[in-house]
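Let us walk through this structure in two stops.

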Amino acid sequence: MIKVENLSYTYQPGTPFEHHALFDVNLEIADGTLTALIGHTGSGKSTLIQHFNALMKPTEGRIFVSGIDITAPKTDLKLLRRKVGLVFQYPEHQLFEETVYKDIAFGPKNMGLSENEIDERVKRSAYLVGLKEKYLDRSPFDLSGGQKRRAAIAGVIAMNPEVLILDEPTAGLDPKGRDSILAVIKRLHEENKDMIIIFVSHSMEDVAKTAENIIVMNEGKVETKGTVAEVFSKTQRLQEIGLNVPQITLLADKLKKAGFKLPDDIYTVNYAADAIAKTLGGGGNI
């Protein structure tokens, strides 16, 4: 579990450029959950996730990962960063080895693992991200954009983290590439039952298709949190703070205003189609 207590962070305190990025954030994220972190630009999303593996230290407050206070002065940061894997935007820009295999193996090798263990981790990580074994001997620079991103994610997965954080994992990809990375995230969640997965996204459609839970940040604070259905049911408030909701949710709201009896928690096309069909079939429309 990740537990955040009264977390605040101020950039460049005591200078003319002082900026309060986080204010009294309190959160609990359970093991085995898949959570989307959303919010407008400047809401504190990136600052928050960088606290989870101690790239940033809080101005106030504490953070616990698996019961360990990672904000304590003598925290073993090397061990922490094995437990909490952070994949930045455009992680493929960090690929540098001669082959995909060597790139994925870089972290496990630095952990001092045996060659057999490294080999097992590389192949399992490639499998989990949907990267075929035939690509492992290729240069990472010969891969497509989506394949490069899979390889970069595999390099983090190979460290066997307890927490995986992905910052805008579909940024810059075409629709096919986006869908493939979202499928990777879902597969990782399904095959790693205890791993916490957190992904930051600006796409409400991606969030609706992929996440189980949502945390909404607004002006450095947690605006709301809950299941996908619970959060997207707050359409008006999300729009007031500058966020979109899935287009299908807006359509469902318009239909309800027109008199159709539809549920309040519509956020995917398939759910909307079923709900509309039931309404029409059951004579529940205007």
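The model here is a predicted one.

Start with helix α5, residues 145–157, and helix α6, residues 175–191. Their axes come within 10 Å. They cross at roughly 25°. That angle is under 35 degrees, so α5 and α6 are roughly parallel to each other. The crossing also has a hand: α5 passes α6 in a right-handed way.

Which residues make the contact between α5 and α6? On the α5 side, they are G146, R149, R150, I153 and I157. On the α6 side, they are S180, I181, V184 and L188. The residues of this contact divide into 5 nonpolar, 2 polar and 2 charged.

Now turn to the empty space. Rolling a probe the size of a water molecule over the atoms shows where such space is left. How many cavities of 30 Å³ or more does a search of the whole structure find? It finds 1. The largest cavity has a volume of about 30 Å³.

Look at what surrounds the largest cavity. Its lining is made of I29, T35, A36, L37, L48, F52, I198 and I215. Strand β3, residues 34–38, gives the largest share of that lining, with 3 residues. By type, the lining of the largest cavity has 7 nonpolar residues and 1 polar residue.

Notes
Residues are numbered from 1 along each chain as its sequence is written. This is a predicted model: local features need pLDDT of at least 70, side-chain atom pairs count only at pLDDT 80 or more; totals for chains, interfaces and linings use all residues. Side-chain values use heavy atoms; hydrogens and water are left out. Axes are lines fitted to C-alpha atoms, for helices over the stretch in contact, and angles run from 0 to 180 degrees between N-to-C directions. Helices (H or I, at least four residues) and strands (E, at least two) are DSSP runs, numbered from the N terminus. Angles under 35 degrees count as roughly parallel, over 145 as roughly antiparallel, 65 to 115 as roughly perpendicular and the rest as oblique. A crossing is left-handed if the near helix is turned anticlockwise from the far one by less than a right angle, and right-handed if clockwise. Contact means heavy atoms within 4.5 Å. Ala, Val, Leu, Ile, Met, Phe, Trp, Tyr, Cys and Pro count as nonpolar, Asp, Glu, Lys and Arg as charged, and the others, Gly among them, as polar. On a 1 Å grid over the protein atoms alone, a cavity is a set of points where a 1.4 Å probe fits but cannot get out, and a pocket is an open set with protein on both sides within 12 Å along at least five of seven lines; lining residues have an atom within 4 Å of a point. Grid points are joined across faces, edges and corners, and a volume is the space filled by probe spheres set on the points.
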